[in-house]
Amino acid sequence: MSDRPFRIPESTLYAAEADEFDEFGSNDLPSYSDWRGTFYKVPWAVDEDAIREAGADVAIVGAPYDEGVSSRPGARFGPMAIRGAHVTSGSPWSWSIQAGVRPFDLLTVVDAGDAPVVPGRPERSLRVIHEKVRRVARAGAIPIVLGGDHSITYPSAAAVARVQDPATVGIVHFDAHADTGADQWGSLIGHGEPMRRLIEEGWVAGSNFVQVGLRGYWPDEDTFAWMRDQGFRWHTQVELEERGVEAVVDDAIAEALDGADRIYLSVDIDVVDPGMAPGTGTPESGGMLGRELLRAVRRIVGSVDLAGMDVVEVSPPYDHAEITAMLATNVVMEAISALAVRRG
Ligand code: MN
Ligand code: MN
């Protein structure tokens, strides 16, 4: 043994014959290398014609807007952080262990860039988010919108409902908060009001609205009475604990499909416990586990006809070690993978 030579073997699989500069394509390189800025290095297809030309099944859209927050800001940096958080694989070759597919082989996914939001003009920002999502949906792609605070669900889900018409859209909404407030200090477009606006304007019927994960101390009983009058159905965090996530999610799927043709899925990352999703503006203690949310997203997207989706309220300045941004990235990946299984 002692006179046995030690040497570190060097791989010659690629480098021997190849020019090292061209040894790896952009998709083979690690996620931090050859940074393209898109979600999982999928190609850019920013305008409607490019999305249509690409034949995109899914388009990622950024909605970097956080002027609707009631407390801590920062979600305007969400789209950048979520796109940048695919630290483990981050390539369109990715294989999903959970779903057993290569989602990007089965689906054409593009990144449509961000809605052209500017600071200080909240109404305009919500209008351009609406128009951006509408163009993506009109081009035939399922929009997956990266928030942004939850205000963006109002223009985004309205755009999806508008394009789907005459088919009807229901909403499955994961959140610690119902977001059905009448107004926020007199403003109708805060992140506590988007679901009220969608109902009042008739984009979605209350009976096709299902909420999961509600907890904490807001909204009050008057708001819940209004929700009851509209036909809302909701499942609190306590119910998730008592009945188990699986049983509740199955009920939520059945309720969502009771009346609506297609589903818009809205995921407020604060549905997850702040211990697993600290980077958010209005955290509420005692929430879901990250893996419970990922499993629920797989199950829902695998069971319904998805028309659109958003992942909101990731606030990178409050995040630590990208925990929350990575969870949001995985929520999107679980949805894309489940969609690939369903369509593949
Ligand atoms: Mn919310
Ligand atoms: Mn919330």
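Strands β4 (residues 169-174) and β5 pair in the parallel sense over 4 bridges; strands here are DSSP E runs of at least two residues, helices are H or I runs of at least four, and both are numbered from the N terminus. Two strands pair if DSSP finds at least two bridges between them. This is a predicted model, in which local features need pLDDT of at least 70 and side-chain atom pairs count only at pLDDT 80 or more, while totals for chains, interfaces and linings use all residues. Residues are numbered from 1 along each chain as its sequence is written, and chains are lettered from A and ligands numbered from 1 in the order in which they are written.

**Around strand β5**
- The chain gets from β4 to β5 through helix α6 (residues 194-200), in a right-handed β-α-β crossover; right-handed means that, with the strands pointing away from the viewer, the path from the first strand over the helix to the second runs clockwise.
- Strand β5 also runs parallel to β6 (residues 233-236), joined to it by 4 bridges.
- Here V210 is partnered with R233 of β6, and L214 with T236.
- Helix α7 (residues 221-230) carries the chain from β5 to β6, again in a right-handed crossover.
- Because 6 of the 6 residues of β5 (residues 209-214) are buried, this strand is largely enclosed by the rest of the structure. A residue counts as buried with 20 or more other C-beta atoms within 10 Å of its own, the C-beta atoms being placed from the backbone.

**The whole sheet**
- The 8 strands form an open sheet with parallel pairing, in the order β2-β1-β3-β8-β7-β4-β5-β6.
- At the edges stand β2 (109-114) and β6, each with a single partner strand, so one side of each has no neighbour in the sheet.
- From one strand to the next, the twist averages 15°, with angles running from 0 to 180 degrees between N-to-C directions of axes fitted to C-alpha atoms, for helices over the stretch in contact.

**Helices on the sheet**
- Helix α4 (residues 122-138) lies across β1 (58-63), β2, β3 (142-147) and β8 (306-312), at about 175° to β1.
- Helix α11 (residues 323-343) packs on the sheet and touches β1, β2, β3, β7 (262-268) and β8, making about 170° with β8. Contact means C-beta atoms, placed from the backbone, within 7 Å.

**The chain overall**
- The chain has 11 helices and 8 strands.
- Of its 344 residues, 52% count as buried.

Conventions:
A residue is buried if 20 or more other C-beta atoms lie within 10 Å of its own, exposed if 12 or fewer, and partly exposed in between; C-beta atoms are placed from the backbone. Two residues are in contact if their C-beta atoms, placed from the backbone, lie within 7 Å.
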